[in-house]
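Me: I would like to go through the terms used for this model one at a time, and to see what stands behind each of them.

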Amino acid sequence: MTGYPLYLLTRLGQFALVIFIGINIAFVVTHATPIDPVEQSIAASTQFGSINPEAVEMMRQSLKELYGLQGGLWDQYVTFWRRIAAGDFGPSLSAFPTPVSILIGRALPWTVALLVISTLLTWVLGNLLGGLAGYYRRNRALRFAGILAMAFHPIPYYIVAFLLLIVFGYLWPILPISGGYTMNMEQDWSAEFILSLLRHGLLPVASLALVGLGGWFMGMRSLVSNVVTEDYVAYAELAGVERSRILRSYVMRNALVPQVTGLAISLGSIFNGAIITEQVFGYPGVGTLLISAVHAGDYSLVLGITTVSIIAVSFAVLLIDLAYPLLDPRVKAR
Amino acid sequence: MRSFLALLKSNRQFASGVVLLALVAGFACLSFFSPYPPNDSFVVPPDLPPSPEYWFGTTSRGQELFWLLTFAIRNTLVFGIVVAVLSRLLALLIGLVAGYAGGWVDRLLMSINDTFIVIPLFPILVLFYFVLKDHMSWGLLALMMAFLGWSYDARLIRSVALSLRHREFTETGIFSGMSTRQILVEEHLPYVLPIVFSTTMNNINWSIGLEVTLSVLGFTDINTPTIGVMIYWANQHTALVAGIWWWIFFPVLLVVMTFIGLFLLAVSMNEYIDPRSRLGRSER
Amino acid sequence: MSVLAVEGLRAWYRTSALGVSRDVRAVDGISFTVEADEIYGLAGESSSGKTTLIKTIAAATQPPLEVVAGTITFTFPGGAIEMQRADRRTLASIRWRHLSYIMQGSMSVLNPVRRIRHAFVDFAFRHIGEPKPRFFETVRAHLARLRLEPDVLDAYPHQLSGGMRQRVTIALATVCRPEFIIADEPTTALDVVVQKDVLAMIREIQRELGSSILFVTHDMAVHANLADRLGIMYGGRLVEEGRTADLFRSPRHPYTAHLIASLPRVGDTTPKAGLSGAPPNLADPPAGCRFHPRCPRASDICRREVPPLEPLAPGHRVACFHPEPA
């Protein structure tokens with residue numbers, strides 16, 4: 001078996017491996033610590049008053065069952081996996097009895113939308129500008145754009161989000177700084193609602209984009225300046241092919257290929273950035289949900305979000321991996 | 001040492017990076033001269049703006065921002081360096097073994113490596129904090145981050161090792177009877193060191209960034225002053241709304257200087273390694 | 001009218017770093033012509049300046065390479081074009097239609113991420129200018145004439161073998177029926193069997209199109225096989241030029257004589273002697289004749305004056321003060 005089917009199989013295998021290891025790490029983190037989440041939850045709820053011991057014992061039992069902590073370690077492990085396979089993370093403690101999966105289901109589309117839009121925007125724009133900068137080396141506007149992009153790139157997502165919050169929230173309040181849409185608005189697909197969505201999404205997207213642009217810009221610029229020295233570019237120039245066509249078909253197309261791999265690799269960290277950005281802007285995605293879950297001591301929700309994050313990111317990486325051969329026909333499974 | 005000075009003179013990026021970091025590090029060293037222990041509060045009047053008496057102002061908890069900041073940046077830097085060193089060990093080990101051994105060892109290690117690159121770390125760290133709550137310590141956090149953060153750099157080191165293994169001078173060395181240790185130290189190390197250096201800079205940036213993010217959320221030990229913890233407390237005391245902007249401004253300024261400084265170092269080191277860009281510079 | 005006329009061409013690599021200027025005189029005073037319907041071979045060793053010469057002729061120079069003096073004039077059916085003075089548009093209009101190029105590294109001259117078909121469109125479509133389906137018919141007919149399968153158009157470069165790629169490149173370079181083709185070491189990276197095929201292909205296409213080919217290679221055997229006339233380059237200058245048969249039978253320049261003598265011949269068991277010394281450093285070339293440090297016949301005048309390239313017999317030019325006897 002050669003070519004694409006083999007490649008497909010390898011990628012699927014990698015996907016399965018990532019999920020396996022990731023979820024195992026989640027299991028180890030939660031089960032291998034001396035802290036007992038059951039006792040923690042009980043301590044949290046019995047904080048303000050006393051409850052009779054039998055009630056506490058009942059609570060302990062039901063919590064144990066809820067958290068899948070009955071039986072020995074192996075039983076817990078099996079229960080853990082079985083529940084994940086069924087998509088059942090149990091009910092959320094802070095929003096009892098709403099199941100965790102429902103809560104995640106409500107928040108996930110927001111995060112996905114934010115991620116898809118900002119990642120695509122950043123990747124496309126960053127590569128475009130970087131590619132142009134690599135080809136037209138003397139262009140001052142591009143060089144300036146480069147310096148700007150690189151200035152933001154090393155700064156962590158939190159600080160950029162925070163700075164944007166300060167600028168547009170306090171100094172120059174022209175954009176909303178919290179929520180995903182204007183409160184109490186009808187959630188239909190009217191133009192009004194969509195506009196409100198866009199206005200609220202602008203700052204989170206901008207925040208993610210500012211940090212990400214620099215990376216793609218620098219990468220593409222250096223890739224392009226290498227590709228430009230390749231024989232096939234020189235040959236096309238000798239043949240008098242128009243410059244714009246060379247830039248598009250010969251230079252960019254080839255330089256873009258490693259950037260696709262780079263996209264797959266950086267999805268994890270972009271996701272991390274999205275979580276914290278959501279929190280800063282109160283954007284109703286999975287990130288805000290996660291933070292509030294931690295503050296509320298909602299074990300199932302935190303675990304559920306972690307698991308879903310791992311699966312979602314790996315899936316996105318798988319999609320990119322599968323699309324990769326479309327751009328690079330030389331790919332053969334290794 | 002000589003190449004360090006040459007680089008300093010010729011490369012503006014490198015020089016700027018060094019200057020920025022020197023400033024930050026110098027500031028951190030001032031912490032040893034602080035008249036106040038870092039955790040004492042209400043030792044000075046609170047909420048005072050920057051003035052000749054209190055250079056960076058004071059916080060709502062009655063601490064002098066200037067001296068508090070020296071501790072904060074010192075702790076943050078130390079944390080970042082510790083994580084970077086620990087993860088260097090893992091990255092070097094895995095990267096070099098994979099690159100030199102090749103074959104199925106390489107494939108296996110890279111599969112595992114790619115797994116760690118893809119897995120989103122932040123939720124796991126949050127989960128980690130969640131189960132540990134008050135038992136979270138800096139050491140534990142550093143260990144966890146080192147355990148999760150080696151993968152990107154391991155890949156870079158591996159590709160250097162791969163190309164070195166196949167280079168002609170390696171084979172010449174083997175044929176001329178150099179011992180493995182000799183080859184590794186004399187021929188390969190000069191190629192590996194620059195990339196280790198630049199990945200270390202990037203890794204420090206990464207770990208400090210993560211520390212700031214986690215601390216701001218209150219997910220670390222908030223009793224030790226670090227940059228992130230300072231911002232956390234500033235937020236707790238609604239510093240922005242109350243107009244105590246200096247409590248946020250100076251920590252952010254310092255940490256941004258650190259990030260940009262480290263970044264410049266890493267970038268200039270990368271350019272230094274890539275011979276094509278070096279040639280480009282000599283032609284100008 | 002010669003198709004190509006090069007007059008007094010000097011092309012140097014001029015670099016200046018840290019206050020030190022350096023001129024590598026890769027092409028230092030070359031004049032020759034190439035006539036219609038002939039294959040002109042250019043021979044010489046690695047640092048003789050051949051590649052620089054053809055890059056300059058194709059107006060593919062980039063800093064630090066600079067044309068310091070001389071002219072390059074092509075005469076095509078549409079008119080004469082002086083390469084140094086021509087603007088971008090003129091150059092673009094003659095490129096590939098009248099002047100094409102076959103490059104050395106068959107490995108990597110084709111865009112790896114696009115099918116071969118796109119190379120034909122990119123390079124030739126604007127010249128042939130028919131509606132696309134007819135254009136492809138023309139291309140396929142051309143390929144068929146060169147005995148290439150038409151489905152090679154749908155392949156990616158990496159799917160073809162090295163020899164196949166080179167043959168496709170030749171087809172690509174000749175599809176517009178150019179009057180002048182520059183071939184830069186087209187067979188060097190290929191094994192001998194494929195070499196034979198490629199050379200045969202070049203000869204055939206030349207005969208059919210009547211194009212002129214400037215064929216550059218260090219391999220004298222290939223020149224013996226293919227070239228009508230041959231020019232020998234040494235140290236950035238032409239040292240001898242003439243009909244191939246004449247050069248092989250009676251080389252007049254000591255360097256050429258040595259080149260020819262070093263070729264193995266069936267039945268010849270005399271040991272070959274290498275030339276002492278090394279090719280000249282073009283950044284600091286010797287005064288006078290560039291060959292004099294290695295020449296067994298060198299005398300005082302050779303060290304002082306540059307020997308002019310002059311005809312010793314009709315169609316046979318030599319640049320030497322003490323040429324070998326005829």
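Reply: Of the 326 residues of chain C, 41% count as buried, where buried means that 20 or more other C-beta atoms lie within 10 Å of a residue's own, exposed that there are 12 or fewer, and partly exposed that the number is in between, with C-beta atoms placed from the backbone. This is a predicted model, in which local features need pLDDT of at least 70 and side-chain atom pairs count only at pLDDT 80 or more, while totals for chains, interfaces and linings use all residues. Residues are numbered from 1 along each chain as its sequence is written, and chains are lettered from A and ligands numbered from 1 in the order in which they are written.

Me: What makes Asp37(C) buried, partly exposed or exposed?

Reply: With 14 other C-beta atoms within 10 Å, Asp37(C) is partly exposed.

Me: How do you know whether chain C agrees with a compact globule?

Reply: For 326 residues a compact globule would have a radius of gyration near 20 Å, and chain C has 21 Å, which agrees; the radius is taken over C-alpha atoms, and the globule rule is 2.2 Å times the number of residues to the power 0.38. Along the principal axes, the C-alpha atoms of chain C fill a box of roughly 70 × 55 × 40 Å. Chain C has 10 helices and 12 strands.

Me: What makes E1(C) and E4(C) a pair of strands?

Reply: Two strands pair if DSSP finds at least two bridges between them, and strand E1 (residues 4-17) and strand E4 (residues 65-76) of chain C have eight, in the antiparallel sense. Arg10(C) stands opposite Ala69(C) in E4(C). These strands belong to an open sheet of four with the order E2-E1-E4-E5 (chain C) and antiparallel pairing.

Me: Why are E2(C) and E5(C) called edge strands?

Reply: Strand E2 (20-34) and strand E5 (79-82) of chain C each pair on one side only.

Me: What is the order of the sheet of eight strands in chain C, and what is its pairing?

Reply: The order is E6-E7-E8-E3-E9-E10-E12-E11 (chain C), and the pairing is mixed. Four bridges join E6(C) to E7(C), which run parallel, with Ala183(C) in E7(C) as the bridge partner of Ile102(C). E11(C) and strand E12 (residues 316-318) of chain C, on the other hand, pair in the antiparallel sense over three bridges, and Glu310(C) stands opposite Val318(C) in E12(C).

Me: Which way do the residues of E6(C) point?

Reply: Leu99(C) and Tyr101(C) point one way and Ser100(C) and Ile102(C) the other way, and all are buried. In a regular strand the side chains alternate between the two faces of the sheet.

Me: Why are H5(C) and H6(C) described by the direction word they carry?

Reply: The axes of helix H5 (residues 162-174) and helix H6 (residues 192-209) of chain C come within 10 Å and cross at roughly 10°; axes are lines fitted to C-alpha atoms, for helices over the stretch in contact, and angles run from 0 to 180 degrees between N-to-C directions. Angles under 35 degrees count as roughly parallel, over 145 as roughly antiparallel, 65 to 115 as roughly perpendicular and the rest as oblique, and H5(C) and H6(C) are therefore roughly parallel to each other.

Me: How do you know that H10(B) is largely enclosed?

Reply: Eight of the 10 residues of helix H10 (residues 227-236) of chain B are buried, so this helix is largely enclosed by the rest of the structure. Among the buried residues are Ile227(B), Tyr232(B) and Trp233(B). Just after H10(B), Thr238(B) takes a positive phi of about 40°.

Definitions and conventions
Helices (H or I, at least four residues) and strands (E, at least two) are DSSP runs, numbered from the N terminus.
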